[in-house]
Amino acid sequence: MGMDLRVSFGGKATPTWPAAVAAMQARGWGVTMRMIDNELAFPDETPPESWRELRVGADGAMVTVRRSGDGVALVAWGNADTAQRRLWHRLTWAFATAGDGVILTDSGERTPAEFGEGIE
């Protein structure tokens, strides 16, 4: 079973993968590509603009990013360890920051600034 966080861009375009990576790198966080649309990818590969699903990793963890409606859904395993939860939160923050989006959580909407406060 997975758990997800969603980022809504309110009708704006989904940010590019390089924009999300740049947001992460600005905070000193690394990430590598693992799969693009169910195909193995090189760690530094950039997906085409038409990507539907990405699997990305860092520190031995992996998270799935899926385009969904007017945003993205970021999916982690229900039994995620600390590394996977950290990557999950970092990627959520990065996409929201890169696309000026809003993060939809179980407790309501959060801006990237609000959501990012507790991320290490």
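**Strands and rings in a predicted model**

Strand β2 and strand β3 (residues 39-40) run antiparallel and are joined by two bridges. This is a predicted model: local features need pLDDT of at least 70, side-chain atom pairs need pLDDT 80 or more, and totals for chains, interfaces and linings use all residues. Residues are numbered from 1 along each chain as its sequence is written, and side-chain values use heavy atoms, without hydrogens and water.

**Strands**
- Strands are DSSP runs (E, at least two residues), as helices are (H or I, at least four), numbered from the N terminus.
- Two strands pair if DSSP finds at least two bridges between them.
- β2 (residues 32-36) also pairs with β4 (residues 53-58), in the antiparallel sense, over four bridges.
- M35 has L40 as its bridge partner in β3, and M35 stands opposite R55 in β4.
- The hairpin of β2 and β3 has two residues between the strands, and D37 takes a positive phi near 50 degrees there.

**Aromatic pairs**
- The whole structure holds three aromatic pairs (Phe, Tyr or Trp rings, Trp by its six-membered ring, with centres within 6.5 Å; planes under 30 degrees apart are stacked, over 60 edge-to-face, the rest tilted).
- W17 and F95 form a tilted pair, 6.2 Å centre to centre with 40 degrees between the planes.
- W17 lies in helix α1 (residues 17-26) and F95 in helix α2 (residues 82-98), so the pair ties together parts 78 residues apart in sequence.
- W17 is buried at 6% relative accessible area, and F95 is buried at 0% (buried is under 20%, exposed over 50%, partly exposed in between, with a 1.4 Å probe and protein chains only).
- Ring pairs link W17, W51 and F95 into a cluster.
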